[in-house]
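Subject: Structure handover

Hello,

Here is the structure I promised to pass on. My notes follow below it.

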Amino acid sequence: MKSLEEIVVEVMDGSDAGLYPFLPYIMQDLWGLGTSPETIVSIIKKHTANYSNLRILDLGCGKGAVSITLAKEFNCRCLGIDAIADFIAFANDKAEKYGVSKLCKFEIGDIREKVKKLQNFDVVILGSIGPILGNYFTTLTTLAQIITNNGIIVIDDGYIEDASSFQHPLIEKKSAVLEQINKADMRLIDEVITGKNEITRMDDQMFAFIKERCLELTAKYPEKQKMFLDYITKQEEESDVLENKIICSAMVISKNG
């Protein structure tokens, strides 16, 4: 089993666990770290009702952009969990500023362990965090124990088109994803695909901030220069994957029956 530090760095498209303590500095200019809050708002409007009664779980919540936006929009309760303490502190500060601190609860923790003790959520969101809980089958069978009978799971990630020859260690082909959803006795009820132009816009903005902060760290920690420069290169590679080689999609999944 990978360490929490390894998992978090992997989620942030890195390969060296030594980056872990530097991630708050590298990401300091960004609030949203991948998932579009507006996309999640539109999904919840379409697939749920009684908004103010919703209980929403945001796994790998980052700095809380999605949870805070949802609480503000729907006056609902949100629980966000992330492994990075600085991100949780930032989320709590933002919730206060947005007037939703009584609706949003943010916790530091390993979501692989935290999910074992949670239940009765109407919406569970996994926003751009990759296969932390395992493949789709393992993830969905785990989360099926957490959501209500009419609840939904939103997985904002990406898949490889079946006709593509591209391969990635963390990304599966769509047919494999659909097969695992079916095997978990669940069904795909909706899908929101992010356009290539929007992906490029977001990637360009994020990369500029990340590169600037990594270069600052190379000057401050010259002995770790290679690690930071490698991270810049890895970000460029992952941007190419997102923009040109996969389909970025928010999948909405529910239980059968």
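K63 is in contact with M27, Q28, L30, W31, L33, I68, F87, F90 and A91, leaving aside its neighbours within four places in sequence. Contact here means heavy atoms within 4.5 Å. K63 sits in the loop between strand 1 and helix 4 (65-74). Helices (H or I, at least four residues) and strands (E, at least two) are DSSP runs, numbered from the N terminus.

A word on the source. This is a predicted model, where local features need pLDDT of at least 70 and side-chain atom pairs count only at pLDDT 80 or more, while totals for chains, interfaces and linings use all residues. Residues are numbered from 1 along each chain as its sequence is written, and side-chain values use heavy atoms, with hydrogens and water left out.

Back to K63. Which side chain of opposite charge is nearest to K63? It is D29, 7.8 Å away. K63 is buried yet has no salt bridge. Buried means under 20% relative accessible area, exposed over 50%, and partly exposed in between (1.4 Å probe, protein chains only). A salt bridge needs a side-chain nitrogen of Lys or Arg within 4 Å of a carboxyl oxygen of Asp or Glu. For charge, Lys and Arg count as positive and Asp and Glu as negative; His and the chain ends are not counted. A polar atom of the K63 side chain does lie 2.5 Å from the backbone oxygen of M27.

Next, the cysteines. C76 is buried, at 0% relative accessibility. C214 is also buried, with a relative accessible area of 0%.

Two asparagines have a positive phi. N50 has a phi of about 50 degrees, although it is not a glycine. It lies in the loop between helix 3 (37-47) and strand 1 (55-59). N50 is exposed, at 59% relative accessible area. N120 has a positive phi of about 60 degrees, and it is not a glycine either. Its loop runs between helix 6 (111-114) and strand 4 (121-127). N120 is partly exposed, at 46%.

Last, Y20. It lies in the loop between helix 1 (4-11) and helix 2 (23-26). Y20 counts as buried, at 18% relative accessibility. Not counting residues up to four places away in sequence, Y20 touches E5, V8, V9, A83 and I84. Y20 and I84 are 64 residues apart in sequence, yet 8.7 Å apart in space, C-alpha to C-alpha.

Best wishes

Terms used: Polar contact = N/O pair within 3.5 Å; in protein donor to acceptor, adjacent residues only side chain to side chain.
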